[in-house]
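Hi,

Here is the structure I said I would pass on.

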Amino acid sequence: MSKRTGWLLGILGAALLLLSQSVFLVHQTQTAIVLELGKPVGGAKEPGLHFKKPFIQGATLFDARILEHDAQPREILTEDKKAMLLDNFSKWRIVDPLQYYRTVNNERGATARLDDIIYSQLRVALGRYTLQEIVAQKRAQIMAEVLTRSAELIGEYGIELVDVRIKRTDLPPENERAIFGRMRAERERQAKQYRSEGQEEAAKVKSGADRDRALLLADAEREAQIMRGQGDAESARIFGEALKSSPDFYAFKRSLEAYEKSFGDNTRVILSPDSEFLRHFR
């Protein structure tokens, strides 16, 4: 290789190095700022090919897409003095890269500011509502309040807050045990109430059944008495008719019954032979 060729290759390499230090590419999902000796110069750079001063300037790239941040659960206190663990997440994006770099510098700093601001707003907002309202009634309204106020505060860092949501609300372990104990006591109280109501209802049913049984027996006994009376009347009628048709036979039968009752074992009766009582023995 000749000396001239070596010079040409060296110049070409230096040119390529100079070119690589003079241009940078911003992807369509990014924005960038140019730093000169660590200080930002110019405005934000849109996606595309850009130039900078070689060696003394550098480019810092930022993600322009919507980012998500999942915060660590923290404890808050509701209006009715109930402690609860709050797990929330947020969606945000960088809208002013220059201000973003000057205030929080990077994503780690940004998420730290997001944690502080959103948690403080959640604590203030949830402190105005009861646990029941937070869990079941006014969550959407609360989150709208938190989003509006947090977006105002985080805007000074070049960040747009897109959304804030509560992922999950839990009770601290000691509160869970206390609430479980109260729930158990309440269920036991309800069970005792149901049992007592059941026993009362059973007593009513039994009392009604006993009353119905007594009424049925009384009605049956009354019907039986009526039927016995009717039978006795019918018997007397038949007997009377028989008596009218054969009075001598009736007198004879009555005498035999009297003999049977009078002349039992070891019975002594003193009568004269012409006694009317012994007329059937003559």
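Let's start with Ser-90, which lies in strand 8. (Strands and helices here are DSSP runs, E with at least two residues for strands and H or I with at least four for helices, numbered from the N terminus.) Before going further: this is a predicted model, so local features need pLDDT of at least 70 and side-chain atom pairs count only at pLDDT 80 or more, while totals for chains, interfaces and linings use all residues. Residues are numbered from 1 along each chain as its sequence is written, and side-chain values use heavy atoms, with hydrogens and water left out.

Is Ser-90 buried or exposed? Its relative accessibility is 1%, so Ser-90 counts as buried (buried is under 20% relative accessible area, exposed over 50%, partly exposed in between, with a 1.4 Å probe and protein chains only). Setting aside residues up to four places away in sequence, Ser-90 touches Leu-67, Glu-68, His-69, Leu-114, Ile-118, Leu-161, Asp-163 and Val-164; contact means heavy atoms within 4.5 Å.

Two of those contacts also turn up in the strand pairing. His-69 has Ser-90 as its bridge partner in strand 8, and Val-164 in strand 9 stands opposite Ser-90. Strands count as paired if DSSP finds at least two bridges between them. Strand 8 pairs in the antiparallel sense with strand 6 (residues 67-70) over 4 bridges, and with strand 9 (residues 159-170) over 10 bridges. Strand 7 (residues 74-77) is another antiparallel partner of strand 8, over 4 bridges, and there Arg-74 stands opposite Leu-86. The hairpin of strands 7 and 8 has 5 residues between the strands, and in it Lys-81 takes a positive phi near 65 degrees.

**The cavity**

How many cavities of 30 Å³ or more does a search of the whole structure find? The search gives 1, with a volume of about 60 Å³ for the largest cavity. On a 1 Å grid over the protein atoms alone, a cavity is a set of points where a 1.4 Å probe fits but cannot get out, and lining residues have an atom within 4 Å of a point. Points are joined across faces, edges and corners, and the volume is the space filled by probe spheres set on them.

The lining consists of Ala-71, Gln-72, Arg-74, Leu-86, Asn-88, Asp-115, Ile-118 and Tyr-119. Strand 8 (83-94) and helix 3 (107-126) each supply at least two of the lining residues, with the largest share, 3 residues, coming from helix 3. By type, the lining divides into 4 nonpolar (Ala, Val, Leu, Ile, Met, Phe, Trp, Tyr, Cys and Pro), 2 charged (Asp, Glu, Lys and Arg) and 2 polar (the others, Gly among them).

Elsewhere, 3 strands form an open antiparallel sheet in the order 3-2-5. Strand 3 (39-45) and strand 5 (57-63) stand at the edges with a single partner strand each, so one side of each has no neighbour in the sheet.

Strand 2 (residues 30-36) and strand 5 pair over 7 bridges. Ala-32 lies in strand 2, and its bridge partner in strand 5 is Leu-61. With a relative accessible area of 0%, Ala-32 is buried. Beyond its neighbours within four places in sequence, Ala-32 is in contact with residues including Phe-24, Val-26, Gly-43 and Leu-61. Ala-32 and Gly-43 are 11 residues apart in sequence and 8.7 Å apart in space, C-alpha to C-alpha.

Cheers

How values were computed
1 Å grid on protein atoms, 1.4 Å probe; cavity = no way out; pocket = protein on both sides within 12 Å on 5 of 7 lines; lining within 4 Å.
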